[in-house]
Amino acid sequence: MKILVPVKRVIDYNVKPRVKADGSGVDLANVKMSMNPFDEIAVEEAIRIKEAGKADEIIAVSVGPAKAQETLRTALAMGADRAILVETDDTVEPLAVAKILKAIADEEQPGLIMLGKQAIDDDSNQTGQMLAALMGRPQGTFANTVEIDGGSVIVKREIDGGLETVKLTMPAIVTTDLRLNEPRYASLPNIMKAKKKQLDVKSPADFGVDTAPRLTTTNVSEPPVRQAGEKVADVDAMVAKLKALGIA
Amino acid sequence: MKTLVWVEHDNKTVKDATLAAVTAAGKLGEVHLLVAGSGCAAVADEAAKIAGVGKVHLADDAAFEHALAENVAPLVVDLMGHHDAFICPATTTGKNIAPRVAALLDVMQISDILSVEDGDKTFTRPIYAGNAIATVTSSDPKLVITVRGTAFDKAETSGGSGTVEAVASTGDAGLSTFVSSEIAKSERPELTSAKIIVSGGRALKDAETFQEVIIPLADKLNAGVGASRAAVDAGYVPNDYQVGQTGKIVAPEAYFAIGISGAIQHLAGMKDSKVIIAINKDEDAPIFQVADIGLVGDLFKIVPELTEKL
């Protein structure tokens, strides 16, 4: 069985995004970029499934600029077998990404497609569900545990109020939540080895996908800033304040 | 514009998250509802009473009992033949279903909207964990939207006179099955609808201490209980307690942040709370930059004293 793992190059998790003064977007010049953390979890889970002998090949895919090759090399260094970059400098929305991924899945025929539940830049939380819809296959979103069971995958999902377990007939799409696993660091030898692994570069046109955006962003602004209030000296002062506000 | 709002429910009663989505839908036009479930006629009757609601579509079938996206999406797509917008609360159910519907309709979903702007099909939504707000306009013929519950007032649960209309089931897609669920049963208010929330961070040391320190204060205030990601990762409380970018987004009347430093991922989940109260031993903790009332000191002394004096 093949596992397809789509990954996205995004602003690093630890960097505080700065909104451009002209309202055109977030400033990404000279900002550290990394693999979307949820996608890292997806890569890790795919590797663990392969290590357990339940998958033969892991293919990492990214849709994005030439520099997304770095992100794919990270996935290869972690343990993916080969990679495909669908190169474009345009903004590609989740719907178009899902269409490209469907085309790749049609060629590669993976039993499982494992991706992050959301990217930490646009916070859309859509691509996995959209891909599942386009492929007419089941989706296990927000996965907390994943277990391959013959021709099915059993996914425990993080939902409001607790956990839910569903059984999906493969091929299936799984999106990862935070606590599915802790991704490994790539070792230096593996980083070196990853440089020699196969990485194919394609374009959206190769898959006949129109990536013209459906949404127009007219402005990006800072959220309203919350002003700090005051520090109180002791519990009595806090209780008095709370009472004055009608909280207690 | 004719909207179709997904009613969040447990086959017995309407969940609060629905009400903010109804308000958002009302800003776009006519509000119709979809109640999909199993043995859920009472939910449809209750939903019909929500202020401003027109038709309530009731799809009652075993295939819809657990709102599996694979089964529900084709039903919604059918109904979208005569609706212009599909609107879900941005709950885990809504986030699971809406994109599947959007892809089947070939439209780009607009996630987690904060407002409906003047003019056609323009909305604001948070990006980068709420560190930026984007204004977006859709060019699609139909809209698929998820609604951030804390950004809209809740619609009144009475005064409406919607009519319930049964719709034919689209059946079981045969792709997925529900196995089980582990839903924490609690007398406490749910995090996303609680008026007061008491949250604890890593400083609480362990699960036992969290219980001993946080719970009595929460009990006293009849508050929901939340936690930072650090506290959840350390195993003090279950996953669904997590407040933050990837956890729950809350905006209660009062939010108590206890032993929480205030990482941006946490602030993203609670900074719209009306009043923020912070207790932390580090006077430079970022949480104090957003707190209305701050107290620097040892939480193990302060919180019990506060609990006693309230």
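User: What percentage of the 248 residues in chain A do buried residues make up?

Analyst: Buried residues make up 54% of the 248 residues in chain A. A residue is called buried under 20% relative accessible area, exposed over 50%, and partly exposed in between, with a 1.4 Å probe and protein chains only. This is a predicted model, in which local features need pLDDT of at least 70 and side-chain atom pairs count only at pLDDT 80 or more, while totals for chains, interfaces and linings use all residues. Residues are numbered from 1 along each chain as its sequence is written, chains are lettered from A and ligands numbered from 1 in the order in which they are written, and side-chain values use heavy atoms, leaving out hydrogens and water.

User: Which residues does B:Val31 touch, not counting residues up to four places away in sequence?

Analyst: Among them are B:Thr3, B:Val5, B:Val22, B:Ala25 and B:Gly52. The word contact means heavy atoms within 4.5 Å.

User: What makes B:Val56 count as buried or exposed?

Analyst: The relative accessible area of B:Val56 is 0%, so B:Val56 is buried. B:Val56 sits in strand β3 (residues 53-60) of chain B. Residues that B:Val56 touches, apart from those up to four places away in sequence, include B:Leu33, B:Val35, B:Ala44 and B:Thr163.

User: Why is helix α1 (residues 17-26) of chain B called mostly covered?

Analyst: Seven of the ten residues of this helix are buried. They are B:Thr18, B:Leu19, B:Ala20, B:Ala21, B:Val22, B:Ala24 and B:Ala25.

User: How many disulfides does a search of the whole structure find?

Analyst: The search finds zero disulfides over all chains. In the case of B:Cys40, the nearest cysteine sulfur, that of B:Cys88, is 16 Å away. A disulfide is defined as a pair of cysteine sulfur atoms within 2.5 Å, so a separation of 16 Å does not qualify, and B:Cys40 is in no disulfide. B:Cys88 is likewise in no disulfide, with the sulfur of B:Cys40 as its nearest cysteine sulfur. B:Cys40 is buried, with a relative accessible area of 0%, and B:Cys88 counts as buried at 0% relative accessibility.

User: What is known of the make-up and extent of chain A?

Analyst: Chain A has six helices and 13 strands, and its C-alpha atoms fill a box of roughly 65 × 45 × 40 Å along the principal axes. Of the contacts in chain A between residues at least 6 apart in sequence, 70% join residues at least 24 apart.

Methods:
Helix = DSSP H or I, 4+ residues; strand = E, 2+ residues; numbered from the N terminus.
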